[in-house]
Structures are given as structure tokens and as C-alpha cells.
Amino acid sequence: MHFKAKLLLGLSVSAALILVTALILAYTLATRSFPETSGTYTISGISATVEIYRDSYGVPHVFAQSDLDAYFTAGFVQAQDRLWQMELIRRVGMGRLAEILGEPALKTDRLFRTLRIWRQAQRLANALDDETRDALQAYADGVNAYIVEHKGKYPVEFDMLNIEPEPWKVEHSVAISRLMAWELNYARWVDILFGELVERFGARAREIFPTWPEDAPVIVPKELMGKKIAALGKQLLDAEISYRSLFGVPGLQTGSNAWAVSGSKTFSGMPLLANDPHLLLFVPGRWYEIHLSSPAMDVEGASLAGIPFIVAGHNRRIAWGVTNAMVDDEDFYVEDVDSIQHPTRYRFRGGWQPITEEVDTIVVKDGLPVILSVYSTHRGPIVNRIEPAAQLSEFLLSMRWVGHELSNEAKTFLLINRARTWNEFKEGLRHFGTPTQNFVYADADGNIGYYTGGRLPLRKTKGQTLPFPGWTDDYEWQGFVPFEQMPNSFNPPEGFIATANNMIVEDSYPYHLSTHWEPSWRIVRIVELLKSQEKFSPEDFQRFQLDYVSPQARELVPVVLRAYEGREISDNRVQTTLNYFRNWNFEMRAEDVSTTLFQAFFLKVIKNTFQDEMGGQLLSLYDTLASVPMTVITALLKKDSSEWFDNVETPEREMKNDIVRMSLEQAIDELESRLGGEVKEWQWGKLHKVEFVHVFGANSVLRRIFNVGPFPVGGSHSTVNKGDYRLGAPFANTVGPSMRQIYDLGDVNNTRAVTPPGQSGQVFHTNYSDQIPLWLNGIYKTVPMDRARIEREPHSLLILRPTR
């Protein structure tokens with residue numbers, strides 16, 4: 001063989017060996033932290049033997065001799081599966097991400113240091129009652145037992161960042177709860193965005209804000225007339241978008257479905273309850289499925305990594321689900337201060353009050369420490385000093401948020417995990433402050449119920465809460481709505497209760513709840529399904545959760561068809577598209593072509609209607625608030641006319657039908673360019689795909705290792721089986737059912753559930769993504785509660801014995 005050929009062969013073999021060795025080393029590093037799930041383990045921190053059965057999907061069933069041992073074991077198994085996720089989330093809440101991720105995370109740390117999430121968690125932890133503190137401490141002890149016993153064998157992310165986990169504290173669990181309350185809060189986005197729209201468009205803004213009554217005035221407080229205040233809140237949203245972008249999705253997109261039917265409407269004669277919260281689709285997922293059993297407690301369902309309690313689930317007597325209530329629990333105040341650059345006082349009630357200043361130091365990996373001054377008034381933190389550029393502002397902006405009040409969400413779930421009746425369930429909800437949720441309930445006595453759980457501020461007026469003047473007390477909160485007066489229902493005559501982030505009560509309700517709800521499409525379809533037959537089974541509820549029918553498309557397709565009535569159509573592609581629309585059943589399945597045509601049209605009609613007046617920057621901001629653009633354009637298209645359809649950049653006056661036709665034809669051109677082939681080949685799933693994103697997924701190499709997907713999926717923002725995408729990143733599905741649960745109150749062993757992507761947060765583990773095929777294909781696993789049933793299914797058994 002020629003010398004050069006031998007050399008090249010030798011180099012190729014060497015390179016291959018190096019690559020194989022590197023892959024083996026990487027795999028070894030990644031897998032050495034895999035949890036022990038069978039055998040016997042002696043451990044300090046429990047009082048008696050604990051048995052942990054894990055099913056084939058890695059879901060732990062914990063059988064303990066006491067509640068505290070159960071909570072300890074919850075901490076231990078969560079650490080086994082999700083220690084990296086727990087480390088990441090607590091660092092977000094503490095404002096300590098830049099320590100491990102460097103400068104890209106600095107803006108996120110500035111945000112959460114300014115919001116004082118960690119300080120509030122410490123305050124809340126100090127105020128905990130003994131029983132709740134003991135439970136959270138037992139959980140922390142379980143996490144720490146794992147950390148100590150597995151030193152040097154932590155998940156691979158720790159090795160890649162060259163860090164080790166610090167001991168877990170009660171405050172960390174509280175901080176995670178408050179962080180999620182912040183993430184699910186819509187009010188700040190609504191107030192800032194609507195303030196921007198009002199400032200830019202005046203009274204015309206009400207037509208492009210989805211739930212603002214057309215006959216209601218748009219009021220800017222007289223004290224702020226003529227002042228440019230909208231930009232004050234922009235810095236807060238920029239920091240928020242930066243945080244969310246770090247995790248893959250820059251906007252605010254959530255939703256959820258929950259419903260229950262009474263026994264009179266089921267084949268078994270006992271209630272059924274379904275719940276599927278819609279959240280950003282990460283890996284690992286937000287939820288951790290677990291079953292905790294002790295002599296005083298037997299509860300199963302979805303907890304959050306970092307928290308021992310079941311947030312949505314069931315015990316042997318009751319079941320409950322949650323959706324975001326989307327209430328307005330936050331207000332902004334424009335503050336008149338003595339100095340923008342170094343404020344020491346702010347004006348209030350005709351005098352001056354001292355501003356509180358706290359100086360923080362943010363450690364930045366591979367960079368210099370950053371000094372941050374956080375200023376606060378009696379209402380809360382100043383939120384437009386997150387970045388140094390705030391020194392150029394004319395005013396400061398303070399924020400009052402329910403999340404800065406004392407409450408005890410951990411106590412709520414501790415109590416409802418053990419509740420046996422509606423009254424005991426309500427007693428638990430009394431302690432719940434934020435994020436305000438719609439709690440849907442069912443019990444083994446045949447009852448169903450609903451309660452809005454959370455603190456609702458008492459304000460002097462009802463209506464949109466734009467930023468208020470801070471120098472007067474006219475806009476101060478007057479306390480909170482009494483718990484007994486929060487919206488609720490028990491055994492309604494319809495025999496069912498349903499919620500999909502829709503408007504909770506009629507306008508006659510005496511207190512201000514919100515001016516922003518999710519569109520009505522999902523709740524309309526859910527109610528249709530719940531009225532479609534007399535009796536239901538768990539299989540019916542599975543079918544409902546997987547439903548792809550779009551009431552929105554049902555409303556808008558006739559609008560498109562009417563725009564072409566009486567017109568000669570020379571483009572065969574347009575004629576083909578209209579024929580697809582005429583024959584469509586409005587199901588948005590992955591293999592459907594009509595859905596592709598509709599969504600591409602929908603994207604174009606939004607842009608063609610708004611971009612000429614909003615411009616790209618404001619339209620991009622408009623897109624960050626969940627389904628607002630979709631809701632607004634749907635309402636405008638159902639009208640005969642609107643000024644918004646006229647393109648101000650052209651001399652002609654465009655009407656609605658002009659924009660409809662132009663948008664459809666542009667959509668067809670773009671689809672042809674993007675997909676090629678014939679119209680019949682343009683299936684929705686070719687464009688609409690879901691990818692479960694890891695925080696390391698921003699790196700193109702690591703993305704292939706840590707992310708899962710993409711996969712073609714059906715659905716949209718308007719279907720019960722939700723498949724959201726952002727206008728700025730069509731048509732990537734970023735939000736969807738983060739879990740699906742169906743509870744049969746007649747059989748505790750008949751729970752149906754799927755929790756994507758999987759139980760484990762450890763890449764390469766079998767349970768890292770094994771529930772995605774179930775989720776994609778509408779398959780549910782059955783989760784039993786009786787030990788005998790659990791033992792009959794394939795399982796592993798780990799026994800924890802106390803150190804003597």
C-alpha cells in the first residue's frame with residue numbers, strides 16, 4: 001500500500017478511535033448518575049423502612065410509615081431524577097444563573113434580583129407554620145441525602161459546567177413556587193402592552209385589545225396625560241423576554257383545560273375529572289409524577305421538581321385540576337422621585353417618603369462581578385432600573401404584585417393532598433395566594449365543584465389597570481377580596497364544570513378580575529363536547545383532550561369564501577384552496593392540508609393588517625402576549641369593516657376583502673416556495689413541529705444530544721389539543737399539553753395519564769423521553785394506587801432502611 005494511503009488510513013483509524021473513546025467517556029459520564037431503583041439502601045433521615053416501587057416509565061410509588069418519611073423520600077427520588085433541573089430553577093429564582101452560564105444570563109439575574117424572589121422566599125419560609133415547615137424540611141433532607149451520598153456522580157450538566165449542587169433548603173422550594181407564580185402572571189404584560197397601544201393609537205387601541213368592551217372608554221389617568229410612560233415598562237418585558245429566550249421561547253404563552261362531570265353523566269355513576277395544563281414544552285418537563293402513601297395520606301399526581309406536594313392529582317376521596325385564572329394581580333405606578341440616577345425619596349400624598357435601596361452583587365462566570373442597586377417604594381420594587389440605561393428615564397416605575405404578599409401555597413397543597421370533602425378542600429385553598437388558579441374539583445361522594453383560588457386585589461374602580469400615578473393614593477389597593485366572595489360553584493345544574501382560561505364570571509361581579517382572557521375557542525369546543533352525549537367514560541375524556549376541531553377556523557373560513565364571491569378566479573391554486581376550505585371539517589390534524597392553508601393565510605392577514613401602523617418592533621411585542629393577535633384579527637375579520645384593514649403606506653383605501661384576498665394569495669406563494677410540489681402535499685405536520693428544548697439546546701452541537709424532536713404535530717392555538725406557535729417563529733409548536741390526566745372517582749386504579757417528555761431529567765436514560773410517543777399518538781398509561789395492583793405490573797423496588 002502506498003505510504004500516503006497508509007498514513008491516511010492510520011489517521012482515519014486513530015480519529016475514529018478517539019471519537020469512539022470520547023463518545024464512550026461522554027456516555028459513561030452521563031450514565032454514572034443514573035438512579036438506583038432496586039435493592040436495599042441504608043440512609044439517614046427516615047424513621048422507618050420506605051418502599052419505592054417504580055413502574056416501567058419511572059414513576060415512583062412511595063410507601064412510607066409516616067408523612068415526613070414520605071416527604072423525605074419525595075426529595076430523594078426527585079433528586080435522583082431531576083437534580084440538574086432543580087439546581088437550574090432555584091438559581092433562576094435566586095438570581096444566580098450568571099454564576100454558571102456567564103454573561104448571557106446576566107439580564108435574567110438582574111430581573112430576578114430586582115423582583116426580590118429570593119428575599120421573598122426567605123420571608124415566606126420564616127412565616128411558615130410548623131407542620132408545613134416540617135414537611136418542606138423533610139423534603140430538603142431527602143434531597144440533601146442524595147447529594148451527599150452521590151458526590152461525584154451528579155448529572156452530566158454539573159460536570160459540563162464544573163459545579164456541584166449546594167445543600168437544598170426550605171427556601172429553595174418556596175422560591176420555585178414564587179417563580180412559577182411570576183411565570184404564570186399575565187397582568188404585567190397586559191398593563192405594559194396596553195399602555196403602549198393606548199399611547200400610540202389612543203381610543204383606537206380598544207379595537208385591538210381582545211377583551212376591552214367596545215363601548216367602554218379608554219382612560220389614561222389625568223395626572224399622566226401627555227406623558228410618555230409606556231417605555232417605562234418596556235425594560236421589564238425586555239428582561240423577561242431575555243429570560244424566556246434563554247429557555248428557548250421569548251413570549252408569554254400558556255393555557256390549560258380542566259373539566260369535571262357529575263356521576264349523573266357517567267356510565268359508572270361516579271364523577272370524572274380531566275386536566276391538561278398548557279405550558280412551554282421543555283426537557284426535562286415541568287411536572288414530576290409521583291405517588292405518596294403513608295397511614296395519613298395517599299395521594300398521586302403531578303408535583304413540581306423542587307416541591308414535594310401534588311399540585312394536580314387525586315387521593316382516595318377527591319380529585320382536582322388547575323388552570324390559570326389570568327386575573328389582574330399586579331399594578332404599576334409612575335413615581336416622581338428626587339433623582340432619577342440616585343433616588344432617595346419619592347412623592348406621595350403631598351409629601352416625600354424615603355426610598356429603600358438594597359445593593360446586590362451578581363457573580364458572573366468568566367467576568368467581573370456586577371453591582372446592582374434595587375430601589376423600592378412602599379408598593380414594591382422599581383422595575384425600570386434593571387439595566388443602567390434606566391438612568392435616562394424621566395420617571396421611575398414601581399410595581400405592586402400579589403407575589404410580594406405573605407401567603408402559604410405549600411400549606412394549601414399539604415391540606416388538599418389529604419382532604420376528603422369539599423369543605424376540607426376549600427379550607428386548603430384559603431392559604432393560596434398566587435398564581436391565582438381555577439381549581440376544578442370532584443369527589444367520591446358524587447360532587448363536583450369550582451373555586452377561584454388566590455388573592456384578588458380590591459381596587460376602587462373596575463377596568464383596565466394602566467400604569468397609575470404614584471404620587472396619589474387614589475389607586476392604592478384596599479386589601480383583598482374575601483375568600484368567601486371569590487367566584488365558586490358547587491354541583492351546578494348542568495352537571496359539568498369546565499374552564500379553559502376563559503372569562504370566569506359575568507361583568508356583574510362586583511370586583512375587578514381581569515381584562516384579558518384566553519380566546520373562547522377552546523371553552524366553546526369543550527362545552528360542545530360535554531353537551532354532545534348523555535353519558536361519558538374515561539375513553540370519551542381521552543378523545544376530548546385529543547380533539548383538533550377549531551371553532552376559530554369554523555368562524556373565519558366563511559369570511560374567506562365570501563371575499564371571493566362573484567369574482568373570477570384565474571389562479572388554479574386559489575381555486576383549489578377554496579375547495580379545500582369548502583370541504584373541511586375544521587380538524588387540525590398533522591396530516592391535514594386545509595390547516596396548513598388556513599394557518600399560512602392567518603399569519604399573512606395579521607401582518608397585512610397591523611404591520612403598516614404598528615411597525616415590526618411593536619408587532620413583535622404584540623406577539624409576545626399569548627393569543628392576543630389571533631383573537632383580535634378574528635374579531636376584526638368578523639366585522640364588516642375596520643380602519644385597521646387600510647394600509648396607510650399606500651394611496652388606495654384597502655377594505656377587509658382586499659386584505660383577505662391578498663393574504664391568501666401571498667400565503668399560497670409562500671407555501672409553494674417553502675414546501676414545493678402540489679397543494680395536496682402540504683400537510684400541516686410538515687411545518688408544525690414540536691421540539692422539547694433543553695437549556696443547552698441553544699448550542700447546535702448540544703441540541704442534538706439534549707433536545708428531543710422535532711416531531712410533526714397537529715393542533716393550533718384554537719384547538720382543545722393545543723399547539724401554539726409564535727407569529728415571529730412560524731410554525732414551531734412551543735406550547736402544548738404539559739401533561740394529560742383523567743381521574744375516575746369510581747376507581748382509584750383507573751387514572752389515565754401521560755407526562756412528556758418523561759420522568760427522568762438525565763440524558764440517555766430510558767425515561768428521558770419515553771412518554772413522548774404516548775403523547776404524540778394520544779396514548780395514556782394507567783396509573784394504579786393500590787399496592788397489590790402496582791406489584792402486579794412490571795416494576796422495580798428500592799427499599800430505604802433507616803441508619804440505626
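Guide: In this predicted model, Glu476 touches Tyr333, Phe348, His378, Arg379 and Leu458, when residues up to four places away in sequence are not counted. With one of these residues, Arg379, the contact is polar: the side chains of Glu476 and Arg379 approach to 2.6 Å. Glu476 itself belongs to the loop that runs between β18 and β19, the latter covering residues 488–490. Its relative accessibility is 14%, and because buried means under 20%, Glu476 counts as buried.

Tyr333, one of the residues touched by Glu476, stands opposite Phe468 in β18. Strand β10, made of residues 330–335, is joined to β18 by 2 bridges, and the two strands run parallel. Together with β15 they form an open sheet of 3 strands, ordered β15-β10-β18, in which the pairing is mixed. Its edge strands are β15, residues 396–401, and β18, residues 468–469, each of which pairs on one side only. As a general point, the side chains of a regular strand alternate between the two faces of the sheet.

Strand β10, as stated, covers residues 330–335. Arg188 is found in helix α9, which spans residues 187–201. With a relative accessibility of 0%, Arg188 counts as buried. Its side chain reaches the backbone oxygen of Trp182 at 2.9 Å.

Helix α15, residues 551–563, and helix α17, residues 594–623, meet at an angle of about 75 degrees, and their axes are 12 Å apart. Angles of 65 to 115 degrees count as roughly perpendicular, and α15 and α17 are therefore roughly perpendicular to each other. On the α15 side, Gln552, Ala553, Leu556, Val557 and Val560 take part, and they meet Phe598, Phe601 and Phe602 in α17. By class, this contact has 7 nonpolar residues, 1 polar residue and no charged residues.

Two aspartates complete the account. Asp640 is placed in the loop between α18, residues 628–637, and α19, residues 656–675. With a relative accessible area of 74%, Asp640 is exposed. The C-alpha atoms of Asp640 and Met655 are separated by 9.2 Å, and these residues are 15 residues apart along the chain. Asp159, found in helix α7 (residues 156–161), is partly exposed, with a relative accessible area of 33%. Asp159 and Ile772 are 613 residues apart along the chain, and their C-alpha atoms are separated by 27 Å.

Technical notes: Residues numbered from 1 in each chain as written. Predicted model: local features only at pLDDT ≥ 70, side-chain atom pairs only at ≥ 80, totals over all residues. Heavy atoms only, no water. Pairing = 2+ DSSP bridges. Helix = DSSP H or I, 4+ residues; strand = E, 2+ residues; numbered from the N terminus. Axes fitted to C-alpha atoms, helices over the stretch in contact; angles between N-to-C directions. Parallel < 35°, antiparallel > 145°, perpendicular 65-115°, else oblique. Contact = heavy atoms within 4.5 Å. Nonpolar A, V, L, I, M, F, W, Y, C, P; charged D, E, K, R; others polar. Buried < 20%, exposed > 50% of the residue type's maximum accessible area, 1.4 Å probe, protein only. Polar contact = N/O pair within 3.5 Å; in protein donor to acceptor, adjacent residues only side chain to side chain.
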